[in-house]
Amino acid sequence: MKKFLSRFTVYDLVVISLTAALGIGIKPIIVPLVHIITGPLYIPGGAAAGGFYMLWIVLGIGITRKIGTGTLIGLIQALLVIITGFYGTHGAASIITYTIPGFLVDIGAKLSGDKFMSSGGFFILGLIANISGTFLSSMVFFRLPLIPLLLSLCVASLSGGIGGLIAYKIVKSISRQGDINEK
């Protein structure tokens with residue numbers, strides 16, 4: 001673990017911590033608002049709102065440009081949820097449902113190489129994060145029937161992709177300000 005963490009600078013770890021906290025902090029604000037629309041359709045609010053809190057995983061990896069960032073953000077989010085009980089009562093299952101989307105974003109970024117630093121790459125990473133999070137939550141907590149599950153995953157793909165595009169715009173804006181080192 002020490003070798004894994006040694007790849008990250010203090011700046012990277014601060015970015016990872018802040019994006020993880022912001023992802024958790026925005027969730028209780030966004031999900032209830034979205035649930036007003038998605039509830040009657042039997043779509044979990046997180047499927048539609050996920051793009052707005054999964055974007056923090058994509059934003060973190062976009063800022064640090066280091067594989068492992070997504071996994072760390074997901075793990076920190078899971079620990080925050082478990083320790084504080086701030087959002088949800090899913091207990092230890094949160095380790096799975098929060099960490100795996102970050103891990104899959106890392107895999108997606110690794111497989112795409114430098115191509116993930118494009119609007120299309122960010123769209124795909126956001127899509128991966130939200131589809132995986134929605135699928136895991138649906139399987140572990142909601143156990144949705146097939147049709148509502150497929151509808152949830154379609155909504156999650158669009159929401160996640162849009163979240164990825166928002167993250168891309170933020171990274172580009174920060175980069176223009178000179179706050180992200182070009183690597």
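Trainee: Before we start, what should I know about the model and its numbering?

Mentor: Residues are numbered from 1 along each chain as its sequence is written, and side-chain values use heavy atoms, with hydrogens and water left out. This is a predicted model, so local features need pLDDT of at least 70 and side-chain atom pairs count only at pLDDT 80 or more, while totals for chains, interfaces and linings use all residues.

Trainee: How many helices and strands does the protein chain have?

Mentor: Helices here are DSSP runs (H or I, at least four residues), strands are E runs of at least two, and both are numbered from the N terminus. The protein chain has seven helices and zero strands, so from the N terminus the order reads α-α-α-α-α-α-α.

Trainee: What does the radius of gyration say about the protein chain?

Mentor: That radius is taken over C-alpha atoms, and the globule rule is 2.2 Å times the number of residues to the power 0.38. For this chain of 183 residues the radius is 16 Å, close to the 16 Å from the rule, so the chain is as compact as a globular protein of that length. The C-alpha trace spans about 45 × 35 × 30 Å along its principal axes.

Trainee: What share of the residues in the protein chain is buried?

Mentor: Cut-offs come before the count: buried means under 20% relative accessible area, exposed means over 50%, and partly exposed is in between (1.4 Å probe, protein chains only). Buried residues are 46% of the 183. As for the accessible surface, the areas come from the Shrake-Rupley method with a 1.4 Å probe, and for residues only the protein chains shown count as cover. The chain's total is about 9,200 Å², with 73% of that belonging to carbon and sulfur atoms.

Trainee: And contacts: what share joins residues at least 24 apart?

Mentor: Contact means heavy atoms within 4.5 Å. Take the contacts between residues at least 6 apart in sequence: 74% of them join residues at least 24 apart.

Trainee: Show me some residues. Is Gly161 buried or exposed?

Mentor: Gly161 sits in helix H7 (residues 146-176), and it counts as buried because its relative accessibility is 0%. Beyond neighbours within four places in sequence, Gly161 is in contact with Phe123, Gly126 and Leu127. Its C-alpha is 8.2 Å from that of Asn130, 31 residues away in sequence.

Trainee: Which residue forms a salt bridge with Lys66?

Mentor: The general idea is that side chains of opposite charge can pair when their charged atoms come close. The rule asks for a side-chain nitrogen of Lys or Arg within 4 Å of a carboxyl oxygen of Asp or Glu. By that rule there is one salt bridge. Lys66 pairs with Asp12, and their closest N and O atoms are 2.4 Å apart. This pair links distant parts of the chain: Lys66 is in the loop between H3 and H4, Asp12 is in helix H2 (residues 10-38), and they are 54 residues apart. Both Lys66 and Asp12 are buried.

Trainee: What is the phi of Arg65?

Mentor: Most residues other than glycine have a negative phi. Arg65 has a positive one, near 60 degrees, and lies in the loop between helix H3 (45-64) and H4.

Trainee: Which side chain does Thr71 make a polar contact with?

Mentor: A polar contact is a pair of N or O atoms within 3.5 Å; within protein, one must be able to donate a hydrogen and the other to accept it, and residues adjacent in sequence count only if both atoms are side-chain atoms. The side chain of Thr71 makes one with the side chain of Asp106 (2.6 Å). Thr71 is in helix H4 and is buried, at 19% relative accessibility. Not counting residues up to four places away in sequence, Thr71 touches Thr99, Gly102, Phe103 and Asp106.

Trainee: Which residues make the nonpolar surface patch?

Mentor: Patches use residues with over 30% relative accessible area and no salt bridge; like charges are joined within 9 Å, nonpolar side chains (Val, Leu, Ile, Met, Phe, Trp, Tyr) within 5 Å. Here Leu79, Ile82, Ile83, Ile95, Ile96, Ile100, Phe103, Leu104, Ile107 and Leu111 make a patch of about 870 Å². Helix H4 (69-84) and helix H5 (93-112) are the elements giving two or more residues, and H5 gives the most, with seven. Phe103, in H5, is partly exposed at 43% relative accessible area.
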